[in-house]
Amino acid sequence: MTLHPTVASVTARITERSRPTRLVYLQQLDDAANQGPGAQRLGCANVAHAFAAMPEADKDRATALDKIKVVAPRAPNIGIVNAYNDLLSAHAPLQHYPDLIKDEARKLGATAQVAGGVPAMCDGVTQGTPGMELSLFSRDVIAMATAVSLSHDVFDAALMLGVCDKIVPGLLIGALHFGHLPTVFVPAGPMGSGLSNTDKSKVREQAALGLVGRPELLEAESKAYHGEGTCTFYGTANSNQMLLEAMGLHVPGTAFIHPAQGLRQDLTREAVRTVLALVKDKNFTPIGRLVDERSIVNAMVALLATGGSTNHLIHWVAVARAAGIVIDWDDFSALSDVVPLLSRVYPNGTADVNQFQAAGGPGYIIRELLDAGFMHADVLTVRPGGLREFTRKPSTVDGQLVWREIGASQDDTVVRPASQPFSATGGLRLLQGNLGRSVIKVSAVPEALHVIEAPARVFNSQEALLAAFKAGDMDKDMVCVVRWQGPQANGMPELHKLTPPLAVLQGKGFKVALVTDGRMSGASGKVPAAIHVSPEAAAGGPLAKVQDGDVIRLDGVAGTLQVLVSEAEWAARPLAEMPAELRAANGVGMGRELFANLRRHALKAEEGACTWL
């Protein structure tokens, strides 16, 4: 199938724009690769420290010197970077993966070590609290922790164990800074379906209205989030898994297998076999070359075709930059104009990710996009068969892993072919105007609400909006402007706690929308939300000019975000300053003091909110 001309042109302009930084990156990658294996290059004391705790049999394999054949050719050593903790339901299964990986490595004549652990926080726990202000920057902390782990430099390959929101982008950014290593990502899968996401949202709205109390709300939430695995809505965590499949960085079909299925263990062992096959291939392609401009575009297309998390308009900009590739929201917008929406998973529909998997899952989506010319088929992946291997579904037959063709959609209310999409365009839209540039997840919003025009109500914090709602002071048409929520102001927290009260107002028939320089969760719902407004108010962005009563037009059809005042008045209006007491409060408590330097150096949201550049 011929590549769609827009996909081709966007890829070409990304390649041209990225040429200087990509060349520098590839040169650094080659320099690292040409040094040779660290276990042979490092001093004896260094090596002895690295392998001191290994079982003797593993130690003999890992320290053997090819040159003089002391024991045998030195065995490949896999570095495991693990995001395990048992606070995150999605990461709890990772506790036992290192032992399984080491066992499989030994069977294949190799060794494996846990190179390090990286922090992993749950946005579901920290939503609406000061801890959420560490969330976005935890991505870069994870990237740094990945670098610390791999800096021991005694590894021939790496396995990245992680699933959730900031964790996968952080692991990938860190891995790309060690781009000379072959690397495979290893997830843990979603929890089983519990209380439906739709019913959960209804109870949240009832709680916002005071119709149910804390016991009833906690019961509903506990039925929705009830076991090991990722949350079952199509938020950032599950979007991560879709994008890794589209980039060919998983074992094919790994994303949405339940943690307790025997198939999950088989696929984890297959990840060991996959990464060792790359090591043993003298012409292997390391992760820094697998992740090229075409691979990044494939991820962007997969995000748009599935109505994935808006967070990735920040995270994948940062991921691309880690590989020397420069993308921006114009690229996402151009692709969204032509990429069809092929799935409806909550919040873009009623299905959860288990139903998505049963209907065809990532493999179905990738096949349809390849066949319709929306994805690059000629990319390299961690598997020798390329991206086509990721269009099949795994199973275990007589103790052996096999992959079968997926066939037709098993539920066309959940996934559809490219010839009959839910929408001819993607799920995300760029908005721009005199309020700056922002994004909206139109796939989650009813079409009748894609355009909202109403007076502004300005809030300096999410707490102020919640207080106004509880006071009964919001029963009217309004565009709620919540500012001072960008990376430099307070770390750009998600504002998901605002969804239930705004949904209640919407349910009463009021025209309501949110405009903010903060983030919304990948599970942002049916309320129109212009998010990630850039530049942020704290950096002199135009949200700092908005006043109560200004009429704002959010147009998800035309792609505009405008305050309807004259150009002369807008130009003359002064910028409000972030209240000093608010800035001071944002910097203390819950460890926020330690993140001051990250807030100080964070780039704009459209530049990935990167803190290392």
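## Salt bridges

A salt bridge is a side-chain nitrogen of Lys or Arg within 4 Å of a carboxyl oxygen of Asp or Glu. This predicted model holds 36 salt bridges.

One of them joins the side chains of R269 and E104, with an N to O distance of 2.7 Å. R269 belongs to helix α12 (residues 262-280) and E104 to helix α5 (residues 97-107), so this pair, 165 residues apart, links distant parts of the chain. Both R269 and E104 are buried.

## Two further pairs

R437 pairs with E606, and their closest N and O atoms are 2.7 Å apart. R437 lies in strand β8 (residues 436-441), while E606 lies in the segment after α24 (596-601), 169 residues apart. R437 and E606 are both buried.

In the bridge between D475 and K508, the closest N and O atoms are 3.4 Å apart. D475 sits in the loop between α19 (462-470) and β10 (478-482), and K508 in the loop between α21 (499-507) and β11 (512-516), 33 residues apart. D475 has a relative accessible area of 39% and is partly exposed; K508, at 44%, is also partly exposed.

Salt bridges with shared partners join D103, E104, K107, R269, E270, R273, R383 and E389 into one network.

## Cavities

The structure has 6 cavities of 30 Å³ or more. By class, the lining of the second largest cavity has 5 nonpolar, 5 polar and 3 charged residues.

Conventions:
Residues are numbered from 1 along each chain as its sequence is written. This is a predicted model: local features need pLDDT of at least 70, side-chain atom pairs count only at pLDDT 80 or more; totals for chains, interfaces and linings use all residues. Side-chain values use heavy atoms; hydrogens and water are left out. On a 1 Å grid over the protein atoms alone, a cavity is a set of points where a 1.4 Å probe fits but cannot get out, and a pocket is an open set with protein on both sides within 12 Å along at least five of seven lines; lining residues have an atom within 4 Å of a point. Grid points are joined across faces, edges and corners, and a volume is the space filled by probe spheres set on the points. Ala, Val, Leu, Ile, Met, Phe, Trp, Tyr, Cys and Pro count as nonpolar, Asp, Glu, Lys and Arg as charged, and the others, Gly among them, as polar. Helices (H or I, at least four residues) and strands (E, at least two) are DSSP runs, numbered from the N terminus. Buried means under 20% relative accessible area, exposed over 50%, partly exposed in between (1.4 Å probe, protein chains only).
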